[in-house]
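Here is a friendly briefing to read alongside the sequence and structure. Keep the 3D view open as you go through the points.

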Amino acid sequence: MSPSQKKAWKSLIAIFVAVGAIGVFIALFKSYHQFVGLFLAVWLLSYFVRVIRQPANYKGYKLFSMFAVLFTLFFGLTVEIWGTENGYWKYLGIEDHISIPYWVPFAWGFSYKVMYKIERIILDTWEMSLAKKVLYVLVLPSLIVPVWGEIVVINLGVWLYNWPYQFFGVPILAAFLLVLFHVGVNTVMYLVCRYFKLPDPVYTKLL
């Protein structure tokens, strides 16, 4: 294993641990979801400020990065409204008149940045065919990382699913939909990047 590959594995493991730590943080303060939401909102805002201030050869790339986060945030919130209103899952430890904690949409935006970072690490470290890119860059990270995060928060009492065939509280259907969601977001981002000819570090290498 080359030094660059060892560094990549360390980074991927660190991300995996960080996702679990964030899940524990959310679980510990689930009854104070307003403050958790504020924390994640400030994190996203600080990210936007950093993006705007960073020097870049292509101004469109900066705007594209912020658009991708916001797209995931609003699309994720739509999924949450659909799921909670139909009784497919339920959040615990919050007020009765609220079905979705305030931190949830910001967590979706955060998830985009996590997945993007993983994809960039893999693409920058390993050369692979298109079929392997689909499997190791799109499908597996979209399955392993979000499901791991959900296992942590579900088993710490943040929410529960009402779907059957569960693995540590995560239904097989939910795992499939998570993969479908993240692959779908990546597909949209790839098409946008290609249409506007943006030299993105991930999407220009993806296909």
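The points below cover a lysine, some aromatic pairs and a surface patch. Please keep in mind that this is a predicted model.

**A buried lysine**
- Lys 113 sits in helix 4, which spans residues 104–125.
- Lys 113 is buried but has no salt bridge; Asp 200, the nearest side chain of opposite charge, is 8.1 Å away.
- Beyond its neighbours within four places in sequence, Lys 113 is in contact with Trp 43, Tyr 47, Ser 65 and Val 69.

**Aromatic pairs**
- Across the whole structure, a search finds 25 aromatic pairs.
- Trp 43 and Tyr 47 form a stacked pair, at 6.3 Å centre to centre with 10° between the planes.
- Both Trp 43 and Tyr 47 belong to helix 2 (residues 33–53), where they are four residues apart, about one turn of the helix.
- Trp 43 is partly exposed at 26% relative accessibility, whereas Tyr 47 is buried at 8%.
- The rings of Tyr 112 and Tyr 116 have centres 5.9 Å apart and planes at 35°, so this pair is tilted.
- Tyr 112 and Tyr 116 both lie in helix 4, four residues apart; Tyr 112 is buried at 5% relative accessibility, and Tyr 116 is buried at 8%.
- Ring pairs also link a cluster that includes Trp 82, Tyr 88, Trp 103 and Trp 163.

**A nonpolar surface patch**
- Val 24, Leu 28, Phe 29, Tyr 32, Phe 35 and Leu 156 make a nonpolar surface patch of about 640 Å².
- Leu 156 is found in the loop between helix 5 (130–155) and strand 2 (159–161), and is partly exposed, with a relative accessible area of 44%.

Technical notes. Residues are numbered from 1 along each chain as its sequence is written. This is a predicted model: local features need pLDDT of at least 70, side-chain atom pairs count only at pLDDT 80 or more; totals for chains, interfaces and linings use all residues. Side-chain values use heavy atoms; hydrogens and water are left out. Helices (H or I, at least four residues) and strands (E, at least two) are DSSP runs, numbered from the N terminus. Buried means under 20% relative accessible area, exposed over 50%, partly exposed in between (1.4 Å probe, protein chains only). Lys and Arg count as positive and Asp and Glu as negative; His and the chain ends are not counted. A salt bridge is a side-chain nitrogen of Lys or Arg within 4 Å of a carboxyl oxygen of Asp or Glu. Contact means heavy atoms within 4.5 Å. Patches are made of residues with over 30% relative accessible area and no salt bridge: like charges are joined within 9 Å, nonpolar side chains (Val, Leu, Ile, Met, Phe, Trp, Tyr) within 5 Å. Accessible areas come from the Shrake-Rupley method with a 1.4 Å probe; for residues, only the protein chains shown count as cover. Rings of Phe, Tyr and Trp (its six-membered ring) pair if their centres lie within 6.5 Å; planes under 30 degrees apart count as stacked, over 60 as edge-to-face and the rest as tilted.
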